[in-house]
Amino acid sequence: MSTTWLPCGTYHQNYAEDQSLWQTKFIKGKMILLFAILFMGIPLFADSYWLSVCNTIGYTILGALGVQLLIGFCGQVTLGHAAFLAVGAYTSTLLILEIPWPQALMDFGIAYPLSIVIAAITAGIVSVIFGLPSARVKGFYLILTTMAAQFIIVDFIITQYVSQIGGRGQAFSIPPEAIKVGPFTIDSDIKVYFMMLTIVILCVTLVVNLLRSRVGRAWVAIRDNDISADVMGINVIKYKLLAFFVAGFIGGLAGAFWISNLAAISPEHFPWFWSLWLVGVILIGGVGSIHGTIFGSIFMVVVMELLQFAVMPLADSYPKLLMDFLFIKEAAFGLAICAFMIFEPNGLSYRWWQIKNYFNLWPFSY
Amino acid sequence: MELFLMTITTGVMVGGIYALVALGWVLIYKCSGVLNLAMGELTLIGAYVSLTFYQMGVPFLLALLLSLIIGFILGILTERIFLDRLIGQPVLTVIMVTVGLSFFFKGIIQLIWGTDTRVFSPSVFPLKPIIIGPLIIGQVYLWSFIAAIILLCIFVCFFKYTRWGLAMQATADDEMAALSLGVSARFVYAAAWAIAFMAAGVGGTLLGNINGLNVSVGYLGLLVLPAVVLGGLNSVPGAIVGGIVIGILQNLSGAYLDRYFPGGVKEVAPFVFMAIFLLFKPHGIWGWERIERV
């Protein structure tokens with residue numbers, strides 16, 4: 001990890017130490033503290049409302065992680081990621097609802113985890129199908145084919161056809177007792193929270209480690225210059241499609257996880273707005289940085305909640321505001337993206353890096 | 001057969017409007033290299049402004065003219081406030097600023113005008129359809145098409161014969177050379193945005209006349225994206241042909257495919273067609289094939 005500054009007197013004595021993810025005792029301590037806060041602190045002190053905010057943050061992180069992988073590390077701009085989230089969510093829901101699971105599997109809570117895995121793989125495969133044009137087209141043309149994915153999958157296939165399966169009408173309601181992981185029925189915010197935490201940590205670890213491997217280096221090479229990557233012997237098409245698969249996989253995971261938090265899913269949960277929102281999140285957090293994904297998600301979700309706090313008290317005197325909040329949110333999001341692009345094009349993670357550097361180099365920070 | 005002919009004519013006429021909006025898009029791209037995803041919202045703004053004036057009792061043509069003026073001002077403001085600072089930034093940054101702009105505009109539009117469908121009342125164009133041989137054409141379509149064609153001609157003349165138009169052509173062709181010949185690039189960018197706003201405004205007004213005006217008209221504005229991709233991003237004739245092709249395709253798929261795939265075929269068909277088309281011709285019909293060097 002190139003951004004890690006080793007303090008004086010720290011030496012690497014073997015290859016394993018050089019390659020380790022957490023290189024110093026300080027970082028190890030920091031991470032343990034972080035885990036302690038995540039697993040013990042927040043569940044202890046947060047009330048139901050803030051837990052649900054945390055869950056939204058986790059969902060945003062999962063969605064944005066795939067987008068970050070594609071845009072930030074492989075250079076393939078995607079504006080249709082919500083489609084893959086939708087594929088994951090719908091696959092998982094349909095598997096739970098339509099397949100007559102043996103009672104034993106339901107009792108041991110295997111059905112839902114199994115459906116998550118299948119949903120993630122399905123979403124990955126669908127993502128690869130819509131990534132196929134990336135073999136031929138680049139830049140804006142590719143952006144439009146990913147946009148096409150959104151309109152074709154969500155607005156057409158899911159709205160018109162998938163929603164008809166089983167004759168339930170537009171929204172699929174999910175019986176709460178069907179969402180069961182092992183012995184736990186996921187029916188409260190706190191359980192969703194722990195599930196979210198597990199999945200987010202697994203996915204972030206997966207992506208961080210992928211990026212340190214041969215695959216990740218190939219992706220970065222393709223991002224920086226696909227022709228020179230090709231010349232260096234990287235199979236560009238294979239790695240691009242692999243990036244689409246992993247991104248779709250994580251997206252499907254996110255969608256399949258999110259149904260545990262929703263009582264019912266409908267195509268309105270995965271609008272084009274959400275695809276653009278995810279891209280906005282990584283741009284605000286910082287392109288090409290895992291930290292950025294997380295910071296961006298936290299920032300966007302918390303800011304929108306705060307906006308709600310700011311607007312809601314006014315709603316008593318202006319009842320129209322309550323209805324208009326959605327529009328205000330949309331306009332604020334748009335303005336936030338513009339402002340970030342213009343004034344802070346490197347994103348929040350760059351600011352974080354600067355602050356960290358300041359303290360690492362203190363008192364001689366020149 | 002009659003159905004086929006009717007769909008084709010309707011398609012050509014709606015396509016004329018798309019062509020007009022697509023022209024504005026291509027103009028921005030050619031002059032300043034900005035890939036604008038806010039086109040749908042630009043159509044909405046123009047349409048709502050002219051609708052507001054029309055409801056206030058202003059004659060339609062005057063309302064259209066007023067919306068053009070407001071579009072001109074808004075275009076210059078947008079360029080000056082948002083896009084001017086982004087010259088030389090990566091493509092994704094600029095694209096996302098236009099996405100941000102589209103959200104901003106959409107939020108503001110919905111805040112001001114709400115989400116209900118509004119119609120131009122009393123209707124601008126007579127409701128009685130015109131019958132030419134076997135064809136029955138709504139007057140709205142016909143007049144929209146004529147208006148779009150007239151405006152397209154005006155734009156083309158503007159680029160060919162006026163000083164501003166020539167400056168814009170020069171900048172689009174080679175910015176460096178244009179700068180050294182004394183063309184102000186900043187002026188050209190602003191003019192491109194102003195013209196795009198105006199073109200989109202007229203397109204939006206015409207589209208709003210056909211089926212009433214609500215936020216989903218912005219989606220029709222988004223259809224210019226497949227149109228310009230089909231024609232090739234940096235080709236003005238490509239934009240016009242692409243717009244008309246998309247109009248025809250949309251109506252044909254609405255008429256014929258709807259039986260087999262009920263639902264929103266009409267809305268997605270242009271995108272499906274575009275995605276397949278790109279697989280065979282990755283740069284559109286007349287787009288420049290950039291030779292890439294490391």
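Helix α11(B) is mostly covered, since 15 of its 21 residues are buried. A residue is called buried if 20 or more other C-beta atoms lie within 10 Å of its own, exposed if 12 or fewer do, and partly exposed in between, with the C-beta atoms placed from the backbone. Helices (H or I, at least four residues) and strands (E, at least two) are DSSP runs, numbered from the N terminus. The model is a predicted one: local features need pLDDT of at least 70, side-chain atom pairs count only at pLDDT 80 or more, and totals for chains, interfaces and linings use all residues. Residues are numbered from 1 along each chain as its sequence is written, and chains are lettered from A and ligands numbered from 1 in the order in which they are written.

The end C-alpha atoms of α11(B) are 30 Å apart, which agrees with the 30 Å that its 21 residues should span at 1.5 Å a residue. The expected span of a helix is 1.5 Å times one less than its number of residues. What does α11(B) pack against at an angle of about 125 degrees? The partner is helix α10 (residues 224-231) of chain B, and the two axes are 7 Å apart. Axes are lines fitted to C-alpha atoms, for helices over the stretch in contact, and angles run from 0 to 180 degrees between N-to-C directions. That makes α10(B) oblique to α11(B); angles under 35 degrees count as roughly parallel, over 145 as roughly antiparallel, 65 to 115 as roughly perpendicular and the rest as oblique. Residues of α10(B), including B:Val224 and B:Leu230, meet residues of α11(B), among them B:Gly238 and B:Ile246. Two residues are in contact if their C-beta atoms, placed from the backbone, lie within 7 Å. This contact of α10(B) with α11(B) divides into 9 nonpolar, 4 polar and no charged residues. Here Ala, Val, Leu, Ile, Met, Phe, Trp, Tyr, Cys and Pro count as nonpolar, Asp, Glu, Lys and Arg as charged, and the others, Gly among them, as polar.

In chain A, helix α4 (residues 81-98) and α11(A) pack at an angle of about 50 degrees, with their axes 7 Å apart. The two helices are therefore oblique to each other. Among the residues that meet are A:Phe84 and A:Ser92 in α4(A), and A:Gly248 and A:Trp258 in α11(A). By class, the contact of α4(A) with α11(A) has 9 nonpolar, 7 polar and no charged residues. Helix α6 (residues 111-131) of chain A also meets α11(A): the axes come within 7 Å and cross at roughly 140 degrees.

Helix α8 (residues 189-211) of chain A has 23 residues and reaches 32 Å from its first C-alpha to its last, close to the 33 Å expected at 1.5 Å a residue. Its buried residues include A:Tyr193, A:Met196 and A:Cys203. The buried residues of α8(A) pack against several elements of chain A, one of them α11.

A:Gly109 is found in the loop between α5 (103-107) and α6 of chain A. With 18 C-beta neighbours inside 10 Å, A:Gly109 counts as partly exposed.

Finally, the contact of chains A and B takes 36 residues from chain A and 39 residues from chain B. On the side of chain A that touches chain B, α14(A) gives the most, with 12 residues. The residues of that side divide into 25 nonpolar, 7 polar and 4 charged.
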